[in-house]
Each structure stands twice: as structure tokens, then as C-alpha cells.
Amino acid sequence: MSKASSIFICQSCGAQSQQFFGRCSSCGEWNSIIEQASHNSSNKRNKRNSQQSHEASLIKSEPIDASGHETLERIPSGYLEFDRVLGGGLVPGSLVLVGGNPGIGKSTLLLQSASAIAKNRSVLYVSAEESAQQIRMRWKRLKEADCNLQLLAETDLDLVLREIEALKPDIAIIDSIQALNDENLSSSPGSVSQVRECAAALQRIAKKQSTTLLIVGHVTKEGMLAGPKVLEHLVDAVLTFEGDRFASHRLLRAIKNRYGATYELGVFEMQGKGLVEVINPSELFLSGEYASGVATIVACEGTRSLLVELEALISGTTYASPRRTTTGISTNRLHQILAVLEKHMGLTLSRFDCYLAVAGGLEVEEPAADLGIATAIVSSFKNLTLPEGTVLIGEIGLGGQLRPVGQLTQRLQEAVRLGFKRAVIPKGSGVDCLKQEIKMELIEASKITEGILIALDGDPTTSA
Ligand code: TYD
Ligand code: MG
């Protein structure tokens, strides 16, 4: 193919160039540029774009307004956990992208939600990945067959747009954006230009007729939503559906939300008959087993507190440099805590491999987990089991000091609710005030050494 008929497009940010580069000059990504043959189609696309920009300028005269306009009464998604992540339900005319790994349950979640909404609103479910027969089978499995949901199994963008225009549904679900195909473009479905064009065309029509669009997007092998930057800027909310494929629970998070708070967490459980929401998810991450190397922390996810078990395994190394492996916690955090333990507790951890995992596939990022991580490590190293019903809360400073954490009352309340009796917390957390509200033994510690010894001892000398 001649150079004149080729265009080079970055699959990460969508930037175009006439020449091939190993690294995208726009977003700096390596090996993301692919060659695309599109001489004829680019003319077509340009023509199409000029028509669209005319159309777009008409639509702009009635924009969606986030400040409580009367048309913005939210539509409940049928699931409290889904609504929590959305910030109280779906905003009419908004565009929501739901991303996640294949097989995690995106189609199931959206089909169930669509069925629930369809009980009193018009909903169109467009499946570009499965045939109508396959969706009907899933639908029957979910026992949702009696609701008034319209199904369309189609991959052609124009036909999908026509159907949305004709039906004017309150909600339209596109499963998935990567499987849709704009025939005016020569690139294959799923490429950045296809995803961008399809999403933009859908957005125009959605805003024009106030249809709420829920779009499924796949996660690429690098763990990003395909065509990420392009789509993330375009949509009003980006939700990710994640979880361990081998465990039954699934976590829904908002990473961008124009109409609500981000970092809220929704918890579901995948069962034989579909997804069931978990209103009190703390129990999910607790096994109730007490062994050496296990410590319980309280993690905050948005407005919700979760009790989570951490597991550490310390064993003599056979490698020149010991292994440090983590699941659900950043390796840098582990390195830092190991260094503090080595320096301030005199433990020779550099001769041991260290494996650390958060039970249940949850990701814990907040520093409030530090004391729990350190205690789990020491517990495994010394082969000591923590006394039953103890939670550990505190951030560790590089000097070995324990620092107070935010939302302490909320964390302790959740621990009390789940029957925990004892909490080790940083000094300076205002124990006298807390004692009025929290009916559990609260033990303050100012140093990491003190905190860990008290936690492992079970018979603290300093008791509040
Ligand atoms: P699916 O929604 O197809 O995932 P995605 O759209 O994200 O690719 O869900 C696929 C998995 O969910 C599949 O491995 C089977 C499982 N599943 C159940 O366990 N129970 C159910 O009721 C359904 C419908 C699916
Ligand atoms: Mg699917």
C-alpha cells in the first residue's frame, strides 16, 4: 500500500500522524501507533464530520445541566449498590461507560439493571457481541423474562442509531462499544477511530433526545479501557467492574463521575442466577480464621468502611535478593514498611521472602492499613497469632511513629458492628471522645513497635 493512503493512529490517545513513530509524540506511549489504510474513508469521514459538527451546534443550544434542572430527576438503576456508585441513580441524557475484564459480569449487570428499569420505563438493550438467542437464554437464566425490555442484536452503528432514534428509549445499553462498527470507516471494529466515532455519534443522539446511554467497554491487556482517553473525556461517568474471576464477589467503582462522588464502592456477588447486591459487604472479606500472619484492618471506600483481612507469609529465602510479592497492596508500600520494621524493630527481614495479600481480591491503597500490614508481617515472622477480635488502624511514618488516620469513628463503628472487641489505634486520635461512642477496647500506641507488641500480646499494658 502506498504511503499516501496510510495514516498512523495512536491506539492510546487517538493522535494521528502521516509517519510511523515508535513512541506517540502526543501521549508518550510506546508501540501504540498502528498504520491504517484510509484514503477514501478519510474523505468520507471528513464529510461526515462536517455534517456532524453542524448537527452538534444545534444540539448545543439545549445542553444537559448538572445543577438540578427539573429534567434531571434521576432514574433508579434497580440496584442500590449501582445507584450508590452513580451518585443516586442515572441522570437522564448522561453517558455512562462501564469497563471491566472479559467475563467479569458486565453484560449480566447491565441486563439485570435494564430488566429492572424496564418495569416502568422504555429500555433498549443493544448487543453487538451476542445473538438475540444468546441474550434471551441469559435473560431466562436470570428469570427476568417477564419485563418489557427491547432487544437488538446488531453491530452496525447506523442501524443502531436509527433504532434509538425511532424508539426514543429512556435508557439505551450498548454492549459493547468495541464491537460496534461504523461502516464509513475502513479501520476494524475496536480500533481507536472506530470507538471514538461510534461513541461520539451515540453521544450526539443521546443528548439530543435525552436518552441515557450505558456503554460497555473492554479492558485491554494493559488493564486500560480500550481507547481510554478518547472515551473517558467524552462520557459523563466511567465505572469499572472488577473482581477476582475465581471469587464470587464483584466490585463496581466510579473513576470519573460528573454527577456524583468518585471512589464510591458497590459490591455484588455472582451467583448461579446472576448478580446479587451485597448491602453489608464487610463479612465478604473476613474468613473468621485466626492464624499467624493474619491481621484485620478497616479500609474506607468512599462513604463505606470495610473490614478486610491481610495475610502475610515470611519464609527464608533461597534467592540472592529476597522475593517481595503483593496482591492488592502496592509493592512500594511493602518495601517501605519492611524497611521501617528492620530499622526500628531490629528484624532481619532482608534474609526472608515476603508475600502479602489482601483477602478477597480487594485493592487497599490507603496508608491507614500500614499498622495492619506491619503486624501481619511480624505475626508471620514470629509465628504468633493475633488475639481474636482485634483490628489495627494506623499510618506508619518513616521514623517508626504511628500517625492518626481519617474517618476513625466510622471505621471503629463498623468493627463494633461486626463483633470486634479491641482496636489498636494511633496516639492522638482523641480516645476520650471516642470512648463515649465506641463500645470496644481502644488501645493507643505512638510507635510501630509499641502498636505491634500490644496487638500480638493480647494483654496490653496500656488500655484506654
Ligand atoms: P458476562 O456478563 O457475560 O461477562 P462480561 O459481559 O463482563 O464479559 O458474565 C460472564 C460470567 O458470569 C460467566 O463466566 C458466567 C457467569 N455467570 C454466572 O455465574 N451466573 C449467571 O447467572 C450469569 C448470567 C453468568
Ligand atoms: Mg459481555
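Modeller: Contact here means heavy atoms within 4.5 Å, and the model under discussion is predicted.

Biologist: Which residues does Thr-296 touch, leaving aside those up to four places away in sequence?

Modeller: Thr-296 touches Leu-286, Leu-307, Val-308, Glu-309, Thr-390, Val-391, Leu-392 and Phe-420. Its place is in strand β13, residues 294-301.

Biologist: Why does Thr-296 count as buried?

Modeller: Buried means under 20% relative accessible area. Thr-296 has a relative accessibility of 4% and therefore counts as buried.

Biologist: How many disulfides does the structure hold?

Modeller: The structure holds zero disulfides; the criterion is a pair of cysteine sulfur atoms within 2.5 Å.

Biologist: How do you know that the buried residues of α8 line one face of the helix?

Modeller: The buried residues of α8 are Leu-334, Ile-337, Leu-338, Val-340, Leu-341 and Met-345. Seen down the helix axis, they fall within an arc of 160°, so they line one face. They pack against β15, β16, α9, β18 and α12. The face turned away from the buried side carries the exposed residues Asn-332 and Lys-343.

Biologist: What span is expected of α8, and what span does the helix reach?

Modeller: Helix α8, residues 331-345, has 15 residues. Just after α8, Gly-346 takes a positive phi of about 70°.

Methods. Residues are numbered from 1 along each chain as its sequence is written. Chains are lettered from A and ligands numbered from 1 in the order in which they are written. This is a predicted model: local features need pLDDT of at least 70, side-chain atom pairs count only at pLDDT 80 or more; totals for chains, interfaces and linings use all residues. Side-chain values use heavy atoms; hydrogens and water are left out. Helices (H or I, at least four residues) and strands (E, at least two) are DSSP runs, numbered from the N terminus. Buried means under 20% relative accessible area, exposed over 50%, partly exposed in between (1.4 Å probe, protein chains only). The expected span of a helix is 1.5 Å times one less than its number of residues. The arc is that of the directions from the helix axis to the C-beta atoms.
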